[in-house]
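Visitor: Could you take me through one part of this model up close? I'd like to look at the place where the two chains meet.

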Amino acid sequence: MLAFINLISSWAIPLIIAFIPLFAFTRKVPVYESFIDGAKEGFDTAVQIIPHLVGMMVAISVFRASGALDFFVGWTGSFLQLLGVPSEIIPLGILRPLTGTGSLAFATDLIREHGPDSMIGRMASTIQGSTDTTLYVLTVYMGAVGIRNGRYALKVGLFSDAVGFIAAIAVCLFFFG
Amino acid sequence: MINTIWLALILIGFVFAAVSGNVEIVTTAAFEGAKTGVSVCFGLISVLVFWMGMMRIAEDSGLLKKIAKILSPLVTFLFPDVPRDHPALGYILSNMSANLLGLGNAATPMGIKAMQELQTLNPDKDVASPAMCTLLALNTASITLIPTTLIAIRMNYNSASPTDIVGTTLVATFIATVAAILADRWCRRWNLHRDRTPPMKGIPSKPSMKG
């Protein structure tokens, strides 16, 4: 299984990189010029995202550095603990939608401290793998096209993070418990 | 909602810093955050420039349309209001498959490209269209087949079987994705309903500026 996964992850991108231009070349597409056209657009998009990402990162950074994040993590933690969720894992659920690097660092720390094959280590791995940094994803995607009103997208994103978090805990308890 | 969350994050942060007697933390944190934002974007430049170049080749050659055609039943179910032969569908599919394979770096540019194509169909350029919301829902739920980063971290800490979380991740990600799609559908219907409901007699649907 591991060998197979390693094989896929090392071959997937090289194959795509080789296949797309080759396919296009056989269809008589001027591949290099096409590439440059698209690449220019990629640069413009990256620049357009800057204000959105700076805005979001400033707010999250202030919230985090002030100690407010720790406070809310501790507060909701003691609440969720009543429902039988291991308290060590709860901050991860709260960090996850806000910061990708922050939650990855936290998950890594849990894996290091409790061991990768412990229940908490497995839960942390599953949570990290099955949820995403909703605030970042929304900022980047909507920022890239200049959407100001995301309608219900944020609600749906946060809801699916919550479901993913609960599902990950339940599934781990079921499989490894 | 994003306005409220943004303001709340800053204000709550300010109050906490003020109460703990370190108001100056707000200043450092704000500039640190701004720096992070720019450096993340700079990190994205190379990825976006490269993959959007590749995706343009795929589009010009008709490859994206071909992929979209093969998987059209799935996408027409998820995106009923996008025309079947629209290039957006090809990008949506490439975004989904890159997510499935855990190719995070490649998934973002394709998702952005899909958003840009959906924007061409969007009547109100400031407000996300229902199709955009569905795409965002799929991306925030992050359908993953192989959580490569986590497997690598587990190997790093000498796990006896680094991949034994593939199964649990698959189940959890599946549940989260189904929940996201259902929630999206529910909101979409609710939104349509609200937009179409005529204002009740005598009660203006929006507060009027005229006296």
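Guide: Here is a walk across the interface, followed by the annotations and the confidence scores.

First, some ground rules: this is a predicted model, in which local features need pLDDT of at least 70, side-chain atom pairs count only at pLDDT 80 or more, and totals for chains, interfaces and linings use all residues. Residues are numbered from 1 along each chain as its sequence is written, chains are lettered from A and ligands numbered from 1 in the order in which they are written, and side-chain values use heavy atoms, with hydrogens and water left out.

Now the interface itself. Contact here means heavy atoms within 4.5 Å, and by that rule 97 residues of chain B touch 94 residues of chain A. The size of an interface is often given as the accessible area lost when the parts come together. For chain B and chain A that buried area is about 8,300 Å², with 78% of it on carbon and sulfur atoms (accessible area by a 1.4 Å probe, lost on putting the two parts together and summed over both).

What about charges? Side chains of opposite charge can pair when their charged atoms come close. The rule for a salt bridge is a side-chain nitrogen of Lys or Arg within 4 Å of a carboxyl oxygen of Asp or Glu. Over all chains the structure has eight of these, and five salt bridges cross between chain B and chain A. One of them joins Asp164(B) to Arg122(A), with the closest N and O atoms 2.7 Å apart. Another salt bridge pairs Arg148(A) with Asp126(B), at 3.9 Å from N to O. That pair runs from the loop between helix H7 (134-145) and H8 of chain A, where Arg148(A) sits, to the loop between H6 and H7 of chain B, which holds Asp126(B).

So which helices of chain B supply at least two residues of the side that touches chain A? Looking at five salt bridges across the interface again, the chain B side draws on H1 (2-19), H2 (24-60), H3 (63-70), H6 (104-121), H7 (130-141), H8 (148-156) and H9 (165-196). H2(B) gives the most, with 25 residues. By class, that side of chain B has 60 nonpolar, 26 polar and eleven charged residues (Ala, Val, Leu, Ile, Met, Phe, Trp, Tyr, Cys and Pro count as nonpolar, Asp, Glu, Lys and Arg as charged, and the others, Gly among them, as polar). Helices are DSSP runs of H or I, at least four residues, and strands are runs of E, at least two, numbered from the N terminus.

On annotation, UniProt's unreviewed entry lists "transmembrane region" at residues 37-58, 131-153 and 165-183 of chain B; such annotations may be inferred rather than shown by experiment. Residues 165-183 of chain B are 100% helix and 0% strand, with end C-alpha atoms 26 Å apart. Residues 131-153 of chain B are 74% helix and 0% strand, and their end C-alpha atoms lie 35 Å apart.

Finally, confidence. pLDDT is the predictor's confidence in each residue, from 0 to 100. Chain A averages 87, and chain B has a mean of 84. In chain B, confidence is lowest in H3(B), at a mean of 79, and highest in H7(B), at 92. Residues 202-211 of chain B stay under 50, and the model has one contact beyond four places in sequence for them. For the complex, the predictor gives an ipTM of 0.79 and a pTM of 0.79.
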